[in-house]
Amino acid sequence: MKPPFPYFGGKHRAASIVWSALGDPSGYVEPFAGSAAVLLARPAFDGRRVETINDLDGWLVNMWRAIQHAPEMVARHATGPVVEIDYHARLAWLQERRSDGLVSWLEGDPEAFDAKAAGWWLYVTACGIGDPWGRGPWRIIDGRLQDTRALPHLGDAGRGVNRALPHLGDAGKGVEQYLIRLSQRLHRVRITCGSWARVVKPSVVRAGAGGDGSRAIFLDPPYATSGDLYAATSDGTDVAVEVRDWCVTAPADLRVILCGYDDEHDSLLDVGWVKREGKSGGGAGYSTNAANGRRERLWLSPSCIGVTSRQSSIFDHIDDEVSA
């Protein structure tokens, strides 16, 4: 399945490469879930697997949980025409409630969710130009929207959720049917909200069921250009650096894939990792620089399937498929 919304640095086009390297792990973790494009592109399997996705963004996690538990309610609030005043009002409503309390609520109850907020989050994400979630002057003062500068997407006869979701041209299936399918896919997925470091601990990564007995982690720290919540920690440390340092000390039997740009994680090559080069992003996204896709890289840990000492291109796999 494809994600229901565009997202910075989404790895849908790299998913086939990722799963070729990870196989059919009994336990799988995405500490920076975002659009969960890689999870949703996992090849079909029989039986049960233990899958965990996590993100620090409370409204994003709320959206995934609400789809998991109440897809019809989410669809009801997500659908509708592109109306500028609705877009601004819903964006402001969400931003005013984005706080530490939101994350604490989601951390404190693994089944907590707000279906209306999830639907409105999808609506804003589908209707907006670029990334609407960065810092901005969206405020509600005395019940009135003040100093709003973001604009909804008004081209193409109004995209909206009804135009943006990729499934709508498939035999007339609507938003609700699509979200129900997503709900079914997420039925047994563990969805957490918090720091990435929480879900790479042994208590999480060692959980598993079925599959080939391996454990896998897909690490995709958000890019600094996305207006995300991870660009740096409170003490100024680059999160991508912290993630790379963890990779060096990760258990040798874990199948780990780390995403990044250019040569930023090449120090891992000295400890047996390999790098794959080529465009790993793609699909619906927000990048303003088309060249960025060509700068994206995947670093694969020694336990990944097919890892060799040579640096190989993402397009090697595509060429093999064409030849076959």
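Select helix 4 (residues 71-78) and helix 7 (residues 115-127) in this predicted model. Their axes, lines fitted to C-alpha atoms over the stretch in contact, come within 7 Å and cross at roughly 50°. Helix 4 and helix 7 are therefore oblique to each other; angles under 35 degrees count as roughly parallel, over 145 as roughly antiparallel, 65 to 115 as roughly perpendicular and the rest as oblique. The crossing is right-handed, that is, the near helix is turned clockwise from the far one by less than a right angle.

Next, display the side chains between these two helices. Contact (heavy atoms within 4.5 Å) is made by Met-73, Val-74, His-77 and Ala-78 of helix 4. Among their partners on helix 7 are Ala-115, Trp-120 and Tyr-123.

Proceed to helix 9 (residues 175-185), where Val-175, Tyr-178, Leu-179, Leu-182, Ser-183 and Arg-185 are buried, meaning under 20% relative accessible area with a 1.4 Å probe. These residues cover an arc of only 160° around the axis, which puts them on the same side of helix 9; the arc is taken from the directions from the helix axis to the C-beta atoms.

Then select Pro-3, in the segment before helix 1 (15-22). Pro-3 is buried, with a relative accessible area of 14%. Its C-alpha atom is separated by 9.1 Å from that of Ala-41, 38 residues apart along the chain.

Residues are numbered from 1 along each chain as its sequence is written. Local features need pLDDT of at least 70, side-chain atom pairs count only at pLDDT 80 or more, totals for chains, interfaces and linings use all residues, and side-chain values use heavy atoms, with hydrogens and water left out.

Methods
Helices (H or I, at least four residues) and strands (E, at least two) are DSSP runs, numbered from the N terminus. Buried means under 20% relative accessible area, exposed over 50%, partly exposed in between (1.4 Å probe, protein chains only). Axes are lines fitted to C-alpha atoms, for helices over the stretch in contact, and angles run from 0 to 180 degrees between N-to-C directions.
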